[in-house]
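Student: Let's work through this model by question and answer. Please keep it brisk.

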Amino acid sequence: MPISDSFINDLKLRTDINDVISTYVTLKRRGRTYVGLCPFHNEKTPSFTVYPDTQSFYCFGCGAGGDAIGFIKKIENLDYVDAIKSLAARAGLQMPDEGFDDSLAKQRKTILAINREAARFFHSYMMSDEGKVGLDYYLRRGLSNRTITKFGLGYAPDSWDALLKHLKEKGFRVSDMEAAGLVKRGQKSYYDIFRNRVMTPIIDVRGNVIAFGGRVLDDSKPKYINTGDTMVYKKTNELFALNLAKDSGKDALILCEGYMDVISMHQAGFTNAVAGCGTALTNEQVRLISRYTSEVILAYDNDEAGQKALDKAINLFNQTDIQVRIPSLSGGKDPDEIIKTQGKEKFAAMLEGASNETEFAILHARNQHNINTTQGKIDFLNDCVKILSRVSPIEQDIYVSRLSEELSVDKNSIKLQLSNYSKRRNYRERRRETTSAVSESMRKNHKESYELQTSTRKIKAEDRMLGLLLHHKKLIKYTDDFDPEILTAGFHQKIFRLICDRIKLQQDIDLINFSDSISDSEMGRLSGIIARSAESSNPDKEFKDCLEIINSEYFSEEKKKTDMNDISDDDFRKLFNK
């Protein structure tokens with residue numbers, strides 16, 4: 001049974017979507033709306049829009065949209081009921097005791113409880129005589145008992161079902177353990193996934209244990225085993241140690257590759273260090289970082305894989321407003337080794353001397369050419385022109401002056417080359433973006449039209465009709481003789497019936513009232529319809545026009561189907577060939 005309308009309406013009155021979203025996104029007023037950089041995809045030009053009048057949001061870049069509940073669901077990775085609980089707590093409302101289906105919320109809570117108990121088990125076992133081999137491993141790696149406790153590190157016994165038996169004794173069901181990614185079904189029975197491994201719990205920003213990383217004590221394979229995606233964990237969305245780093249009081253976050261790097265750095269006093277969960281940085285993790293800082297230091301490993309990961313990370317951060325700095329690390333293959341061999345003071349100096357992205361790229365280009373030769377100098381300058389074409393005019397002037405003085409090349413010559421290259425590149429990019437945007441719009445229209453076997457004209461009329469009906473309840477009077485079956489099957493029929501049913505029952509038709517009835521993708525599409533529904537000077541006439549177009553297109557399509565059914569085989573072949 002859904003949460004009652006009375007509670008949702010009370011929550012609606014006490015929740016302002018602008019206040020909710022501004023906690024996560026920097027918003028700027030633009031007329032009657034607010035705009036900002038979308039937290040759900042990387043962008044440099046704001047396309048994320050908040051509409052206070054309709055208490056909705058919509059991103060014209062990625063199509064994400066909805067109400068305050070939908071926003072919290074998406075950005076905090078919560079289900080519907082937990083999102084309601086989050087907003088209710090924010091508004092100072094007590095959740096109703098019963099009368100709603102919170103089975104998903106209860107399962108999430110159970111999985112989190114299982115993870116928490118598993119973390120306690122692994123840590124307690126490691127601190128016992130039986131698990132001393134795990135503790136010795138961490139001590140050999142230079143970790144203190146305080147650090148081990150701070151991160152909740154542990155050891156999984158060399159047993160097939162030690163954790164399973166422990167969790168059973170605590171009253172948990174095997175099916176829930178499996179859902180948490182801790183046990184797996186074999187041919188005869190269930191067994192522990194993590195065995196004979198040192199264990200690192202992954203904790204989210206709310207303090208929940210959401211997953212684990214397990215490492216072998218020797219060189220056996222696989223070296224690492226990590227929790228797969230579950231109801232409470234998706235590795236592409238999480239950052240290890242962000243729960244600690246966000247409260248470090250530092251302006252920047254230090255991003256490195258491995259859990260052990262992060263733990264060593266925190267122990268050495270670099271408490272703003274985090275690492276991605278997974279093998280490569282993702283767009284979702286970059287967006288998560290942008291919620292907590294405007295500057296990131298990329299302390300990646302010195303090996304070839306680390307440098308490839310660094311290049312990918314730079315490209316991802318280039319799509320945001322986050323300032324990137326890259327230190328020149330030496331004296332070890334990774335931060336953990338550098339701190340042990342060089343000391344934390346030298347490592348701190350390396351971080352302090354980190355270059356920005358432009359300096360790093362120029363230094364990298366310099367290492368690719370012999371600037372003592374004429375051709376090497378030309379090739380190096382050509383690379384620098386490409387690098388500087390993407391920075392601000394002030395940065396360009398500073399770096400061009402440096403290059404001119406260092407290489408004894410006329411500054412105006414470099415600036416002319418830079419200007420010509422920038423014009424060509426900007427023209428190519430604008431043309432490519434325009435072509436891509438037009439092609440994508442046409443592709444979507446044709447795809448939807450083909451899949452739904454209806455015209456784009458009819459789909460546009462249906463969209464506009466829904467938008468008008470949401471803005472003007474009185475228009476329902478024109479639908480008395482309208483058959484919803486002639487609407488395009490799926491989204492349009494479903495939303496039309498939901499709106500009409502609520503209007504007839506004299507219920508509210510704000511987006512928040514549909515949150516438990518439609519999917520996230522449907523909510524995004526409906527938000528887009530509302531966002532594009534400009535004010536109408538004559539809503540009655542426009543609504544009737546939409547109904548007329550829908551009727552006309554429907555019967556035109558039905559006639560075509562009938563004509564095709566009546567056509568002879570020979571005529572069909574001629575039509576097909578034509």
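Student: Is cysteine 62 buried, partly exposed or exposed?
Tutor: The model is predicted: local features need pLDDT of at least 70, side-chain atom pairs count only at pLDDT 80 or more, and totals for chains, interfaces and linings use all residues. Residues are numbered from 1 along each chain as its sequence is written, and side-chain values use heavy atoms, leaving out hydrogens and water. Buried means under 20% relative accessible area, exposed over 50%, partly exposed in between (1.4 Å probe, protein chains only). Cysteine 62 has a relative accessible area of 38%, so the class is partly exposed.

Student: How many disulfides does a search of the whole structure find?
Tutor: A disulfide is a pair of cysteine sulfur atoms within 2.5 Å. For cysteine 62, the nearest cysteine sulfur, that of cysteine 59, is 3.7 Å away. The disulfide count for the whole structure is 0.

Student: Which cysteine has the sulfur nearest to that of cysteine 38?
Tutor: Cysteine 38 is buried, at 5% relative accessible area. Cysteine 38 is in no disulfide. At 3.6 Å, the nearest cysteine sulfur belongs to cysteine 59.

Student: What is the volume of the largest cavity?
Tutor: On a 1 Å grid over the protein atoms alone, a cavity is a set of points where a 1.4 Å probe fits but cannot get out; lining residues have an atom within 4 Å of a point. Grid points are joined across faces, edges and corners, and a volume is the space filled by probe spheres set on the points. Lys12, Asp67 and Asp510 are among the lining residues of the largest cavity. Its volume is about 80 Å³.

Student: What share of the 578 residues in the chain is buried?
Tutor: The chain has 24 helices and 17 strands. The C-alpha trace spans about 80 × 80 × 60 Å along its principal axes. The buried share of the 578 residues is 47%.

Notes
1 Å grid on protein atoms, 1.4 Å probe; cavity = no way out; pocket = protein on both sides within 12 Å on 5 of 7 lines; lining within 4 Å. Helix = DSSP H or I, 4+ residues; strand = E, 2+ residues; numbered from the N terminus.
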